[in-house]
Amino acid sequence: MQSDNKDAILEVKSLKMHFPVRKGFFNKTVGYVKAVDDVSFVVENGKTFGLVGESGCGKTTVGKTILRINTPTSGEIIYKGQHIENLSAKQMAPIRRDIQMIFQDPYSSLDPRQSLGSILKEAIVCDGKPHEREEIANTISELMVAVGLDPIMADRYPHELSGGQRQRLGIARALACNPSLIVCDEPVSALDVSIQAQVINLLRDLQEKRGLTYLFIAHDLAVVKNIADTIAVMYLGHIVELMDSSEIYEHSIHPYTQALLSAVPITDYYAEKKRNRIVLEGEVPSPINAPAGCPFQTRCKFASDKCRKAMPPLTERRDGHFVACYNV
Amino acid sequence: MEDNRNILLEVKHLKTSFFTQAGEVKAVDDVSYYIKKGEIIAVVGESGCGKSVTQMSVMQLVQSPPGKIVGGEVIFEGQNLLEYDRNSPEMRAVRGAGIAMIFQEPMTSLNPVFKIGTQLSEVIMIHKKVDKKTAWEEGIKALEAVGIPDAKSRMENYPFQMSGGMRQRVLIAIAVACGSKLIIADEPTTALDVTTQAQVMELLQSLVKTYGTSILMVTHNLGLVTRYAERVYVMYAGKVIESGTTEDILMHPVHPYTKGLLNSVPKLDASDEERLVAIKGQPPRLSELPSYCAFYPRCPYACEECKQGYPILEEVGPNEHFCACWMKNKEVAHAE
């Protein structure tokens with residue numbers, strides 16, 4: 001794929017993350033959940049890379065593996081030119097400050113017993129350097145202003161905040177270490193529509209001001225389309241289509257991407273009447289006994305014998321547009 | 001209302017309040033709507049706008065205390081349900097057999113320690129007064145009707161053995177089995193994946209065609225409304241602020257909140273540089289509502305006139321298009 005990209009901040013090459021399934025008294029391994037199976041992509045500096053897919057497709061596992069919350073089964077993760085897939089916890093520590101994460105559920109990702117200021121302080125002082133009390137206080141109010149919270153609220157507790165405000169605090173906490181890359185795992189899916197738009201706009205503004213890079217994980221194609229520069233569509237541990245975000249609406253090729261697109265709700269009444277709907281049959285197969293060959297074969301109307309034998313490789317169809325399918 | 005015989009459920013000036021230490025919280029404040037036979041309508045709003053409490057009040061399921069239905073009428077098939085006591089046999093007969101409810105979280109609405117079949121046939125036994133064996137047979141038929149493959153062995157399954165989409169189908173099967181005339185679906189697909197979401201909605205729509213069931217969807221997802229609903233009620237802070245046909249609400253919205261809500265939805269065909277137009281601020285707390293339009297603090301068109309009191313729903317167009325806004329007639333103020 002696009003290798004030796006000078007602008008690349010993060011390169012993932014044939015990443016595999018298999019979790020053993022253990023059973024019985026002796027914890028014998030009886031199989032593997034292939035959560036991520038041979039995934040490669042490049043995230044460019046200052047850009048947003050979007051990962052889309054349904055629950056269980058492995059998109060969150062990719063994010064967690066990049067943060068090295070999981071140690072990958074095999075594959076390479078190159079962050080700013082350095083291989084990080086096998087670093088020890090100690091070696092990983094400075095890099096962890098440079099890659100931050102924003103979580104989906106703003107209700108469970110904040111400690112209910114800490115005030116907002118104290119939550120941010122923890123993230124500020126974690127670099128191990130000495131900090132003046134005043135400096136910390138200034139940084140806290142700077143961060144809160146940056147995400148659109150009133151600095152007076154530093155003494156409040158998470159339960160006093162609304163969902164949108166909590167997510168803003170989650171973003172402030174991620175910014176506290178001055179990261180270059182932020183892994184956003186479904187940052188807006190728990191929020192109301194009007195608040196969702198506010199948070200998306202905030203993320204875009206911060207990217208512009210601070211030159212941040214995002215790995216944006218979500219299941220809502222319209223949200224990802226709005227914020228991402230490049231989009232990868234995942235299905236059962238594989239990337240099935242990877243393209244520039246401007247391509248997806250009119251030029252996406254893979255039958256799964258097409259189905260996802262047709263499931264995206266639109267609010268244009270007249271366009272909706274004309275749109276052809278693709279309702280997929282069945283459900284995502286369990287990743288424990290994923291079918292051999294293309295993972296999408298069980299729900300795909302084009303599935304042929306070839307698809308049942310081997311996983312189709314991700315091939316370039318046009319400039320920067322990769323598709324893994326034999327039939328389209 | 002043009003043809004009364006066709007109206008299945010009519011809610012008139014419903015008011016539900018919660019009496020808390022902080023005072024009276026008007027969760028539902030003077031809400032009126034109706035649904036015809038074989039119609040799909042949608043109630044749209046953000047969390048905390050009272051859309052769920054409205055439906056709970058219709059079913060008399062609001063926890064009391066602190067909740068209380070303070071006023072209004074709920075007329076189902078010509079009978080005011082609020083005249084019945086919440087625990088009366090008449091009300092129980094309506095729940096399930098007359099009006100069924102499907103909730104957002106299919107895992108919590110099924111009992112984890114009983115088989116699907118037991119839970120399904122229990123409802124049939126109670127409402128249809130048949131014996132266990134017949135009920136079980138009818139349960140299998142109901143599961144087949146909602147497209148669950150291998151229904152016979154699925155009856156023996158426990159809820160945890162099924163996926164989210166399947167569980168939601170079981171709940172719909174319970175509604176179908178008793179021949180409910182109205183299904184109130186409270187965020188039926190929010191917990192489901194997008195492709196499963198489409199399956200469940202198609203199923204609900206097919207029920208309307210085959211059984212002539214009416215469906216009331218409660219949702220925050222305007223996209224579902226576009227595809228499935230015939231009419232829409234938009235709620236904000238316990239009140240209906242705009243109502244009309246789906247076409248009117250989506251394509252010619254009048255209320256600034258409806259407009260803002262539509263603008264907040266990311267569009268697939270928008271260019272990459274286009275920013276979302278968010279509604280500023282946050283939804284109000286229902287315990288601290290002003291004595292005037294509740295949208296005032298967030299409204300881009302707000303002016304002094306808006307503070308004269310609650311705007312009432314007034315007709316703004318043909319096809320029963322209503323809107324509650326002081327500024328609605330001032331086209332100039334609304335021109336972007």
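Predicted model: local features only at pLDDT ≥ 70, side-chain atom pairs only at ≥ 80, totals over all residues.

Reader: Okay, and where is Ala237(B) found in chain B?
Author: Ala237(B) sits in a loop of chain B, with β9 (231–236) on one side and β10 (239–245) on the other.

Reader: What about the phi of Ala237(B)?
Author: That phi is near 50°, which is a positive value in a residue other than glycine. As background, most residues other than glycine have a negative phi.

Reader: Which loop of chain B has Glu77(B), and what is its phi?
Author: Glu77(B) lies in the loop between β4 (67–76) and β5 (79–80) of chain B. The phi of Glu77(B) is near 50°, again positive in a residue other than glycine.

Reader: Switching to chain A. How many helices and strands are there?
Author: Chain A has 11 helices and 12 strands.

Reader: What does its radius of gyration say about chain A?
Author: Chain A has 328 residues, so a compact globule would come out near 20 Å, and the 21 Å of chain A agrees with that. The C-alpha trace spans about 70 × 60 × 45 Å along its principal axes. Buried residues make up 53% of chain A.

Reader: I'm looking at β3 of chain A, residues 48–52. Why is it described as largely enclosed?
Author: 5 of the 5 residues of β3(A) are buried, so the rest of the structure largely encloses this strand.

Reader: Which residues of β3(A) are on which side?
Author: Thr48(A), Gly50(A) and Val52(A) are on one side, with Phe49(A) and Leu51(A) on the other, and all are buried. In a regular strand, side chains alternate between the two faces of the sheet.

Reader: Which strands pair with β3(A)?
Author: One of them is β8(A), residues 213–218, which pairs with β3(A) in the parallel sense over 5 bridges. There, Val52(A) has Ala218(A) as its bridge partner. β9(A), residues 230–235, also pairs with β3(A) in the parallel sense, over 4 bridges. In β9(A), Thr230(A) stands opposite Phe49(A).

Reader: Last one: how many positive and negative side chains does chain A have?
Author: There are 38 positive and 39 negative ones, and the centres of the two sets lie 6 Å apart.

Note on methods: Residues numbered from 1 in each chain as written. Chains lettered and ligands numbered in written order. Heavy atoms only, no water. Helix = DSSP H or I, 4+ residues; strand = E, 2+ residues; numbered from the N terminus. Rg over C-alpha atoms; globule rule 2.2 N^0.38 Å. Buried < 20%, exposed > 50% of the residue type's maximum accessible area, 1.4 Å probe, protein only. Lys, Arg positive; Asp, Glu negative; His and termini not counted. Charge placed at Lys NZ, Arg CZ, Asp CG, Glu CD. Pairing = 2+ DSSP bridges.
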